[in-house]
Amino acid sequence: MKNNWFCSAISIYLIIGVYLLFITYGTSFLGIKIKQEDGQWIVTDSYYKDWARKQKISPGDIVLKIDGSSINDIQIIQYDFIIRSANDLTILKPNGDEVHVQIKTFDIPQQFYYVFVVPTVYYFLSLILSVYLYIKQKNTPLLNLLILFILTVSLAYVSIGASGILNNVGIIVNRSSMLLCPVLLIHFLRLYFDFLNIKWLFIKNIKILYILPLSVVFLSIYGIRNNSIHVVLSNVILGAFFLLLIIILGIMISGYFKYKVPQLKILLSSIIIPFIPFLFLYALPEVIFHKQILSADICSLFLVIIPFSFICTQLTERIFDMEYFITRLRYYFNFSFVFTIWLLIGLYVITDLSISRMAELFFFAFLSLIALFYIKEKIDYHKRKILFSTKGDYIHRLYTTVDSIGRVVKIEDLLDKFVQEIALHLEIKHVYVLTYDLQTHQVTSTSTSKDYTQNQMDEILLENLHMGDIKKTEHFYIAFIHQDVNYKRILVVDHNKSIYLKDEELLWLELLLLYVNNFIENTKMVEGLLEQLKHMKEADKSQLPWLNKLLWLRFEQEKYQLAQELHDTVLQEQLHIAREMDVCIHAKRTTDIQVNLSKIHDHMIASLNDLRGYCENLKPPLLDTLGLNAALEKLIQKVHKRANFVLVYTIDRLYLEDERLNLMIYRLFQELLNNALRHSYANTVEIHLLETDDGFEIIYLDDGVGCQMDGIIVSDSMGIRGMQERVHAFNGQFSINTNVGEGMSIRIKINEGNHTHPYDYDTYNRKPTLSRG
């Protein structure tokens, strides 16, 4: 039963439409305007002026006969004042010559294309779209009204030719469908407001409005039999059509401003824009002034947009998701319209074209430019991956998505978050990840509701899927995420034969997949590293030497960079100020000014010396240029100037392959001597750097106050722990012996080869010692 209405509608549509097209094809529309003077009918104007000129029909000619009958015997002429159709005419020229004009269908090419070819294409296109919508979509009242609306608009357009030649069926169909279209549209809006869960702003019983087209059918039948009301009835129907469109416009505008629902704005644009030319360039001028700005067949061309706009809104589950098309059309429209107007202004100045010819050129140039912009954008996308987003926020969306996914630390959580982001941004419910086992060829899914997926997936397609691939199958979009030795992970987006991803969305998804692949690789590396740390920690309860070494080297690198920045910025600025002060001292002769500037100069020099010393502590200046021995000699000289004790030292020349050990030795010397200056209160301090067979040894001795061993173990006030960590980082031995009042001795020994294999577990099993000597 539910299919009966559709079969009946299509049957009526086919019967009436084919008949009207046949009538239009077999009869020519002339549109010769005439007026009666002294009992004679005189030609005043012709709709197709080029044809009339070729047939030698001009204003002032007297029409004698139409199809062999006297013009006075044709009753409709008395009320219509237009010769709409004829196969032959007999005309009396002003010079007394009588001319017989034979008329054939193809004699008027404009009429053939506008009234037959274009309506025929539109007729069958509407039929195909209606059948497609009915087959592919669910049988809902909203969709059923949409199909009926598309079919009715098509019949109204097709019937223009037959109605123009006063065919009785054409007149009835044209007038009734002209009012049935807005009534169906109002009914559609009523259901659509319910779909959006917003309050309807017009009469609730919409079925009452169907009385209007039904009444027009009976009035048209009566008007055919009574020619006196034929013209009046046409104007009344045009007025009613205009009133219904105003009501529709008011409903949608008030609904949009009251509820701020973007779908109403989109729907308003897609429906009202095609009707505007027909309404304001034909219907309204015809009703008020009985004169058309553009003819009905030209204005009706805009109605072709209606089924396309609706089909774009209904081809996806995201109902009325045509903002993409509207924004692109607006983008093309702005450029095309301005250039077309400029072109027509130039043609109007240069040539002498009629208004109808200018209108034809406008539509041709305007539509051609829109097509050109569309083709150019597609070529740019496919050839160079250049894409101008309609929303303008795809880059921002990509950034926020990557930022959200990048916060996850586990692969399973990362994939779950990835699926959530895809479903959110693409507005698609069924998104999941497949795991394809490369050995067993089994497919497992993250979705429990898609058990049939395994049977619908092509195994060859899964195996051939590579990085950056996004394939569209009958039921799904599938895309490569990641592959390792055992598994391949595939993203699946269920389009349900109705969701079509736009170019922006595909490009966004492609870039996001590349990021996710890198995230998975990095996450696996981090998980592997954490697993290694876990095993290492279990094997050796102490701190990991290689990790300490890594942290220490990183710390040294940061200090080196800081020293470089201070030297290149602050120090240079201070030097500049000092030079400026020096210039002022030599330029001014006033004694007080010179004294003040001299003091400032002295302070700046002192500041520079302090800053230079700070930089030298951060980055030993001689270590990289003159080597370790020179740097240590310079350090010891500075300590000599500040020390109250006798410093005895020995520095052997070392030949170390690892240059990082030079920096470590310098830092150890620096820390030991700083401790001697601050804490030892010694009379004599000895420090020796000795070469050994496998590396080197540092021995420190002082006769100072000493301290408790237990206090050193728990305290870091003397920098002992920092020195320990430096030594442990290179798998060295660190021993200390001290007691209160007995001074302190420290012995450090490092074999150069021990730190070269940081991932060898045997290396970590050797614990550095902290003994009493």
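The protein chain holds 26 helices and 17 strands; both are DSSP runs numbered from the N terminus, with at least four residues (H or I) for a helix and at least two (E) for a strand. This is a predicted model, where local features need pLDDT of at least 70, side-chain atom pairs count only at pLDDT 80 or more, and totals for chains, interfaces and linings use all residues. Residues are numbered from 1 along each chain as its sequence is written, and side-chain values use heavy atoms, leaving out hydrogens and water.

Let's start with the whole chain. Of its 773 residues, 45% are buried, where buried means under 20% relative accessible area, exposed means over 50%, and partly exposed is in between (1.4 Å probe, protein chains only). As for contacts (heavy atoms within 4.5 Å), look at those with a separation of 6 or more: 66% of them link residues 24 or more positions apart.

Now find helix 6, residues 168-195. Its 28 residues reach 40 Å from first C-alpha to last, close to the 40 Å expected; the expected span is 1.5 Å times one less than the number of residues. Because 21 of those 28 residues are buried, helix 6 is largely enclosed by the rest of the structure. At its N-terminal end sits a cap, N167, with a side-chain oxygen 3.1 Å from the backbone nitrogen of V169. After the helix comes N197, whose phi is positive, near 60 degrees.

An α-helix has 3.6 residues a turn, so residues three or four places apart point the same way. Just after helix 8, K260 takes a positive phi of about 55 degrees.

Next, a strand. H482 lies in strand 11, residues 476-483, and is buried, at 1% relative accessible area. Its side chain makes a polar contact of 2.7 Å with the side chain of E521 (a pair of N or O atoms within 3.5 Å; within protein, one must be able to donate a hydrogen and the other to accept it, and residues adjacent in sequence count only if both atoms are side-chain atoms). Beyond its neighbours within four places in sequence, H482 also touches Y487, N517 and K524, among others.

Finally, Y348 in helix 12 (residues 323-350) counts as exposed, at 57% relative accessibility.
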